[in-house]
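The following exercises are to be worked with the sequence and the 3D structure in view. Each task is followed by a solution in steps.

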Amino acid sequence: MTVTPQSADAGLDRKGSPLEALRKRWQRAHQSSPYASNAAITLSTNAFIAALGLISGPLLARLLGPAGRGELAAIQSWPLFVAGIAMIGMPEALVYFSSREPARAGRVTSTAILLALVFMPLFAFIGWALAPLLLKAQSAEIIHAARWYLLAILPAYAIVYLPIHALRSHSSMVAWNLLRTAPTLTWLIVIMIALVRGIHSAEKVAFIFVAALAGTALVVIGCVRWRVPGSFAPDLSSAKPLLKYGGYSALGTLAQFLNMRVDLILIGAFLAPQALGYYAVAAAWSGAVGPILSAFASLQLSRVAKAEGIAAQSAAIVLGARLAATAAYLLLAILLPLTPLLVPLLFGANFRPAVLPACILLLATTTFGLNGILGEALRGMGKPEVVLRCELGGWMVLGVAIFALLRPFGTAGVASGALIGYVTTLMLLVRSLRRHCGCSAGDLFRPSQRDFVEMKRRLQGMVRGSREVQPDVL
């Protein structure tokens, strides 16, 4: 990928300014290794988003308390689940078709948004009808709020989240990463406003966020319109291929999303708001691991797909998995011992019952991240259907485990069920990789010193802007 500096950007800073120096440094690094530089900025953005989450999580917990935090999770979890499915795979389809036909990227973007909006009423009806069943442990007021939150968040997803993906296909990785921070920054601002104004209602906080998110739509659409060339008139002739590609992608995304969200949905259905509040805090704490591992996952598909032959693909898969596994080991070694101390300190003493599920969810989230890396490796080998089967197998085990452990062990049981499901998916993915490229679990998760020497050499070359690192190798 390449990033083309915009002349409008150049006029904002003077020659020799710190911003100009930073821009030149970025250009040198990008020329040296486009793939590594894009991965580096994506990792930095993920870390920034995670840091914002670690700030907003404790503030929100102190603002609403355990019961209020649980009510907010109940209002948001089911609508966000439905919103992810309601995109019918358009984000992936948008990236794919815009990359193949850059001159038509604008028309593809508007068509994808139109298709998402057309199918949205169907998902809104299903979500509205199922809300009382899936939130039956909540009060009538919370169910009512969740239903209206669903109707509000669906168009926001199509208009705010979906267009951002057009920037990925147009190689505007800097702009894409900047816009990705907008929803999280907006959420933090909403929480701070609620703290200042003394708003302690979960319903009010949720709907203020939707209104603020809608306000960012103009910024997102303006940026996409500026960066993506061509007409933005919808092209109905591309609707069928978009729907076909998006449908296959949506199945895989649905399985992964179910694995990620089913725990919160089941807690909302069967446990009191206070328990859901504890679990939401535990999930927020464990979420610090996800952005780092997801950055490694973003490297895998391209590296494996470009490798020629099984041996080269296997080498690329092993290197990516080993580096991700080492990062996971380091993160767990740091965060697990700190969890009993920092969770009550950051979120408040009332959330001490969240410590045990937080520890279990750290293991679960780490396993989920490793699953994403192995799944991207299989997609790079042209085996997306294998990934779907592994995700579905893990999801079925996860659902059974949570149902079995939820009543006797509460939030700790739900976290344990999630861990069991993710480990099952991991085992299925490892077995599939062994069958298709001969990689064993030891190959994937036992790093060697040579791997880190090579990674250090490549990263140093990228930082110096050296030509030693070949483009798109790392």
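**Exercise 1. Determine which residues T111 is in contact with, leaving aside its neighbours within four places in sequence.**

Solution. Step 1: contact means heavy atoms within 4.5 Å. With neighbours within four places in sequence left aside, T111 is in contact with P234, D235, S238, A239 and L242. The model is a predicted one, in which local features need pLDDT of at least 70, side-chain atom pairs count only at pLDDT 80 or more, and totals for chains, interfaces and linings use all residues. Residues are numbered from 1 along each chain as its sequence is written, and side-chain values use heavy atoms, with hydrogens and water left out.

Step 2: T111 is placed in helix α5 (residues 105-134); helices (H or I, at least four residues) and strands (E, at least two) are DSSP runs, numbered from the N terminus.

Step 3: the side chain of T111 reaches the backbone nitrogen of D235 at 2.8 Å. A polar atom of that side chain also lies 2.6 Å from the backbone oxygen of R107.

Step 4: T111 has a relative accessible area of 1% and is therefore buried (buried is under 20% relative accessible area, exposed over 50%, partly exposed in between, with a 1.4 Å probe and protein chains only).

**Exercise 2. Find the residues with the most contacts inside the largest nonpolar core.**

Solution. Step 1: a nonpolar core is a set of buried Ala, Val, Leu, Ile, Met, Phe, Trp, Tyr and Cys residues joined through side-chain atoms within 4.5 Å. The largest one has 132 residues, and I153, I317, L374, L433 and L444 have the most contacts inside it.

Step 2: helix α16 (residues 384-437) supplies the largest share of this core, 17 residues.

Step 3: apart from neighbours within four places in sequence, L433 is in contact with I317, L374, A377, L378, M381, G438, C439 and L444.

**Exercise 3. Describe the aromatic pair of Y149 and F207, and state why it ties together parts that are apart in sequence.**

Solution. Step 1: rings of Phe, Tyr and Trp (its six-membered ring) pair if their centres lie within 6.5 Å; planes under 30 degrees apart count as stacked, over 60 as edge-to-face and the rest as tilted. The whole structure holds seven aromatic pairs.

Step 2: the pair of Y149 and F207 is edge-to-face, at 5.9 Å centre to centre and 75° between the planes. Because Y149 lies in helix α6 (residues 140-169) and F207 in helix α9 (residues 202-215), the pair ties together parts that are 58 residues apart in sequence.

Step 3: Y149 counts as buried at 0% relative accessibility, whereas F207 counts as partly exposed at 29%.

Step 4: the ring centres of Y157 and Y161 are 4.5 Å apart and their planes stand at 35°, so this pair is tilted. Both residues, Y157 and Y161, lie in helix α6, four residues apart, about one turn of the helix.

**Exercise 4. Locate H165 and list what H165 is in contact with, leaving aside its neighbours within four places in sequence.**

Solution. Step 1: H165 is found in helix α6.

Step 2: with neighbours within four places in sequence left aside, H165 is in contact with P91, L94 and V95.

Step 3: H165 and V95 are 70 residues apart along the chain, and their C-alpha atoms are separated by 6.2 Å.

Conventions. A polar contact is a pair of N or O atoms within 3.5 Å; within protein, one must be able to donate a hydrogen and the other to accept it, and residues adjacent in sequence count only if both atoms are side-chain atoms.
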